[in-house]
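This report describes a ligand site and the charged side chains of one protein model. The sequence and structure are shown first.

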Amino acid sequence: MSSREDYGKKLEEQIASCKTEWRGLKLISVEQFSCEKIDELFAVSRTMKEMVKGVKGCDLLKGYILSNIFFEPSTRTMCSFESAMYRLGGQVVRVLPGSSSSKKGETLDDTLRCLECYADICAVRHPIKGSVPSVVPYLTKPLLNAGDGTGEHPTQALLDLFTIQSELGTINNLTIVMLGDLKNGRTVHSLARLLANFEGISLICVSPDSLKMPDEVKDVLGKSSGGITFSEESNLEEVLNLADVLYVTRLQKERFADPEEYSKLHGSFGISKQVLLRGQAKKNMIVMHPLPRVGEIDKDVDSDPRAAYFRQMENGMYVRMGLLALMLLGP
Ligand code: NCD
């Protein structure tokens, strides 16, 4: 069995052999990713997974510090970034809104300029769309967009894609059904954009009328190199039998200006074992969800082997280990 040192060496070699530019990347949008870049990330992430399963981690990022700056709640994204850094021998400085100078009125770019002095890489989550991209001109060190309002969530989309590839063995020629709040959910915006890189994808969006996929995302799909087919449906059970992937999202309560509108839509979509049965979901399809869920996937689905959402969240740590290592040590 390989030792921690062996894995450290293997990762160093794998990272050095990458052809695309990684070091210092400011990861704002999945549109910065080509198929080649995705392949490089996934190869390193697979090694990370194997290493964690075997020897827990290594000292590849010893001496490096990540700053996690989160102005919105987070369990998976924040903790997986932190675990990723610790597993690679690095350390983490965390900034939370209640206890930081943003409470005194400090701007986001000033907060980040400060954290850049202390850390080697920053991951930032903020409720306003466009806020994370807007700080890029002020920063010199690598940056990870950990979610900007209803905008993008690129690291989530990358771990989603890694999960699809790990579970189904391919990304091409798949039918992906997205269900839920497609207007406000940033994970589906990023995943749809990322899928536009691949061949023969059919994307079927199922949502309440007022929560459809925004035009700006559809425009990107229209220009996709692989010729993604896009359609919108209102009834999940009519299209469920086509799905290789069913990607469920929650109603984004915090993005609703009108609480009544939220209450009206709450419970208007969701799946259970019965729904999978009635919709004749394929035997080898997978159900994904970025989590948290708030009722849109019944617990009775959890024991179904097609429920991939817990494996998906575990993959988040491996892919984030890959991103941290490549953005700090890559070519
Ligand atoms: C998502 C997010 O924050 O956008 N969660 C996550 O990062 N895993 C999805 C959500 O909050 O609905």
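Which side chain has an N or O atom 3.2 Å from a nitrogen atom of the ligand? That side chain belongs to Q156.

## Basis of the model

The model is predicted, so local features need pLDDT of at least 70 and side-chain atom pairs count only at pLDDT 80 or more, whereas totals for chains, interfaces and linings use all residues. Residues are numbered from 1 along each chain as its sequence is written, and side-chain values use heavy atoms, with hydrogens and water left out.

## Ligand surroundings

The ligand is surrounded by T77, R125, H153, Q156, R186, T187, R250, Q252, P290, L291 and P292 (each with a heavy atom within 4 Å of it). An oxygen atom of the ligand lies 2.8 Å from a polar side-chain atom of Q252. A polar backbone atom of P290 is 3.0 Å from a nitrogen atom of the ligand. On its own the ligand has 320 Å² of accessible area, of which the protein covers 93% (Shrake-Rupley method, 1.4 Å probe).

## R125 in strand β4

R125, one of the residues surrounding the ligand, is found in strand β4, residues 121–126 (strands are DSSP runs of E with at least two residues, helices runs of H or I with at least four, numbered from the N terminus). R125 is buried (under 20% relative accessible area; exposed is over 50%, partly exposed in between; 1.4 Å probe, protein chains only). R125 has no salt bridge (a side-chain nitrogen of Lys or Arg within 4 Å of a carboxyl oxygen of Asp or Glu), and E72, the nearest side chain of opposite charge, is 4.4 Å away.

The side chain of R125 makes a polar contact with that of T77 at 3.1 Å (N or O atoms within 3.5 Å, one able to donate a hydrogen and the other to accept it within protein; residues adjacent in sequence count only if both atoms are side-chain atoms). A polar atom of the R125 side chain also lies 2.9 Å from the backbone oxygen of P73.

## Salt bridges

The structure holds 21 salt bridges. R250, which also surrounds the ligand, forms one with E254, the closest N and O atoms being 2.8 Å apart. R250 is buried at 16% relative accessible area, whereas E254 is partly exposed at 44%.

R193 forms a salt bridge with E216, with 3.5 Å between the closest N and O atoms. This pair links distant parts of the chain, 23 residues apart: R193 in helix α7 and E216 in helix α8, residues 215–222.

Notes:
Lys, Arg positive; Asp, Glu negative; His and termini not counted.
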